[in-house]
Amino acid sequence: MSRPRISKKDREFVKEQANFTCEYCLLHQEDAFFTFHIDHIISLKHGGSNSRENFCLACLYCNLNKGSNVGTVLPPGDRFLPLYHPRKQRWSDHFSIEDILIKPLSEIGEATIKVLDFNHEDRLRERELLLKLGRYPSKESLVYLQNQVKTLIK
Ligand SMILES: [Zn+2]
C-alpha cells in the first residue's frame, strides 16, 4: 500500500503545535540526535486519516515503539486499552514526571508507557543527563503542556 505523503505545510504545523516536543515522552527536538517523526496517532492500517487531527510529533523511540499499535492488553483480565491520544487527551491527565521516570496516572497512561517503553534504561540514562542540564522536562516542553489544552479536539 502506498502511503500518501504528509504535506510540508502539515509537517510544519504539527511541529509548531508541539513546540518541537515529542508529544508522548516530552523529549525536545533540540536534545535529540534524530529528527522527530510525524506520527499517525491512529495508524493508517487501523483506519486513521491523513489529517492534522490524526498527526502528532514523536521522537524516534516513541515512533518506532508505537509502530502501528493503537492499544495493548493489561492485567487483570486482559483488558484492551487504547494508547494515549495527544489530540484528544491531556498529557497531564495521563502521566506525571517523577525525577526521570514517567509514571501513569490512568490506565491509558499505563498502556502507553508499556507499548512506547518510556522508561527503558537507555531512555532513563538520557533523561538523567538532560535533567542535570536542566533540559528534562525542557522549558519548551512545559510551554507545550500549558498550551496543549487549547489544541485538543472537542
Ligand atoms: Zn518520545
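The following paragraphs go through a predicted model, from the overall fold to a few individual residues.

The protein chain contains 6 helices and 6 strands. Their order along the sequence is α-β-β-α-β-β-α-β-β-α-α-α. Along the principal axes, the C-alpha atoms of the protein chain fill a box of roughly 45 × 45 × 30 Å. The radius of gyration of the protein chain is 15 Å, which agrees with the value near 15 Å that a compact globule of 154 residues would have. Of the 154 residues, 32% are buried.

The largest nonpolar core has 28 residues, and the members that touch the most other members are C22, C25, A58, C59 and C62. At least two residues of this core come from each of β2 (55–58), α2 (60–66) and α4 (107–116).

Is N65 buried or exposed? N65 is buried, because 20 other C-beta atoms lie within 10 Å, and the cut-off for a buried residue is 20 or more. Which residues does N65 touch, not counting residues up to four places away in sequence? These are V115, L116 and D117. N65 and L116 are 51 residues apart along the chain, yet their C-alpha atoms are separated by 4.9 Å. L116 falls within the residue range of α4 (107–116), and both α2 and α4 supply residues to the core.

The last stop is a hairpin. Strand β3, residues 71–74, pairs with strand β4, residues 79–82, in the antiparallel sense, over 4 bridges. In this pairing, G71 of the protein chain stands opposite P82 in β4. The hairpin of β3 and β4 has 4 residues between the strands. In this hairpin, G77 takes a positive phi near 85°.

Definitions and conventions
Residues numbered from 1 in each chain as written. Predicted model: local features only at pLDDT ≥ 70, side-chain atom pairs only at ≥ 80, totals over all residues. Core = buried A, V, L, I, M, F, W, Y, C linked by C-beta atoms within 7 Å. Buried ≥ 20, exposed ≤ 12 C-beta atoms within 10 Å, placed from the backbone. Contact = placed C-beta atoms within 7 Å. Pairing = 2+ DSSP bridges. Rg over C-alpha atoms; globule rule 2.2 N^0.38 Å.
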